[in-house]
Amino acid sequence: MAARIIVPARVRTFDAHGEVAAGPDRLAGEEPLEVRLNGEQFTVTMRTPGDDFELVTGLLLSEAVITRISHVVKMDYRSGVDQDGHRTYNVVDVRLAPDAPGPQRGEQRQVFTSSSCGVCGTPSLDSVLKPSAHPVAPSLPLVAAARIVALPDELREHQRVFDATGGVHAAALFPAAGGEPLVVREDVGRHNAVDKVIGWAVQRELLPLGDTVLQVSARGSFELVSKAAMAGIPVLSAVSAPSALAVEHGRQRGVTVVGFNRRGTCNVYTHPERITGD
């Protein structure tokens with residue numbers, strides 16, 4: 001699997017006068033992952049191979065297909081084989097427990113989802129706005145401002161695949177009170193990185209994640225706010241700008257949306273009472 005996460009390549013470097021160098025390079029892996037539920041296709045997403053079961057678990061939680069790990073009876077790669085009969089590790093088949101909440105009829109994502117899109121293929125806006133079994137806790141003082149503005153640099157220290165390729169996003173779950181990240185994941189898709197983080201927590205029965213901060217290396221999009229809300233994460237911090245819809249969704253779902261968190265300052269767009277000056 002490691003050879004598919006970081007892929008060797010050859011590169012030729014040019015400047016305004018022509019070619020100046022040639023040599024080896026390393027690229028982030030990107031391959032399709034088909035997710036099947038009880039043998040039927042649910043979605044296909046582009047991802048960086050690795051931590052696939054966490055990715056699928058987080059995706060299913062975000063889509064309200066499951067609310068806890070006991071809703072997953074079995075998960076395996078057996079269905080994916082190439083023309084020679086070799087396992088591809090690009091198809092994950094999930095067998096759901098009879099009491100799993102979803103998917104509801106007609107809600108399967110029957111289209112391709114690119115690495116840049118987390119809600120592509122959802123049939124309607126109403127189906128995007130899913131109720132959470134792990135609601136965000138009331139907005140009370142939770143995390144020091146000094147802790148928040150330090151998180152991007154702390155995340156950057158753990159971005160091993162980015163160091164090698166420069167081509168992946170990262171997400172990490174930090175304890176609000178301080179300390180090392182609970183989990184860090186990287187992927188070509190920012191939503192995949194978050195799904196891997198949430199899936200890790202679901203598998204360990206840690207939800208709701210009411211005393212944590214989700215730090216991402218990307219912008220604060222609607223989809224990331226939604227995923228945080230589904231896992232009961234009270235604070236989403238991004239190094240870039242949030243969208244207007246992300247801010248509105250954060251306000252409605254009780255998520256503190258932090259943007260432009262870089263170089264020691266940040267903007268807090270919703271529920272700022274969680275951020276303290278201590």
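Me: Buried means under 20% relative accessible area, exposed means over 50%, and partly exposed lies in between. How does Arg156 count on that scale?

Reply: The model is a predicted one, so keep that in mind throughout. Arg156 has a relative accessible area of 35%, so it is partly exposed. Its side chain meets that of Asp163 in a salt bridge, at 2.7 Å from N to O. Asp163 is at 45%, so it also falls in the partly exposed class.

Me: How many salt bridges are there?

Reply: The cut-off is a Lys or Arg side-chain nitrogen within 4 Å of an Asp or Glu carboxyl oxygen. By that rule the count is 13. Some link up: Asp51, Glu54 and Arg185 form a network of salt bridges.

Me: Where does Asn90 lie, and which residues is it in contact with?

Reply: Start with its place in the chain. Asn90 is in the loop between β5 (72–76) and β6 (91–96). Then look for partners beyond four places in sequence. They are Arg4, Glu31, Pro32, Leu33, Glu34, Arg47 and Tyr77. With Glu31 there is a polar contact, side chain to side chain, at 3.2 Å.

Me: What about the nonpolar core, and which residues have the most contacts inside it?

Reply: Think of buried nonpolar residues joined through their side-chain atoms. The largest such core has 45 residues, and Val94 and Leu214 have the most contacts inside it. Helix α6 (residues 190–203) contributes the most, with seven residues. A second, separate core has 13 residues, among them Val143, Ala170, Ala172 and Val184.

Me: What does Val94 touch?

Reply: Set aside residues up to four places away in sequence. Val94 then touches Arg36, Leu37, Asn38, Val56, Leu60, Val72, Lys74 and Met75.

Me: Now the backbone. Which residues does a cis peptide bond join?

Reply: Begin with the general rule: most peptide bonds are trans, and most residues other than glycine have a negative phi. Here, a cis bond joins Gly102 and Pro103, with omega about 0°. Pro103 sits in the loop between β6 and β7 (112–113). The bond from Leu207 to Pro208 is also cis, with omega near 0°. Pro208 is in the loop between α6 and β11 (212–216).

Me: What is the phi of Glu205, and what is that of Arg263?

Reply: Glu205 has a positive phi of about 55°, and it is not a glycine. It is in the loop between α6 and β11. At 63%, Glu205 is exposed. Arg263 has a positive phi near 55°. Its loop runs between β13 (256–262) and β14 (265–268). Arg263 is exposed, at 75%.

Conventions:
Residues numbered from 1 in each chain as written. Predicted model: local features only at pLDDT ≥ 70, side-chain atom pairs only at ≥ 80, totals over all residues. Heavy atoms only, no water. Helix = DSSP H or I, 4+ residues; strand = E, 2+ residues; numbered from the N terminus. Polar contact = N/O pair within 3.5 Å; in protein donor to acceptor, adjacent residues only side chain to side chain. Contact = heavy atoms within 4.5 Å. Buried < 20%, exposed > 50% of the residue type's maximum accessible area, 1.4 Å probe, protein only. Core = buried A, V, L, I, M, F, W, Y, C linked by side-chain atoms within 4.5 Å.
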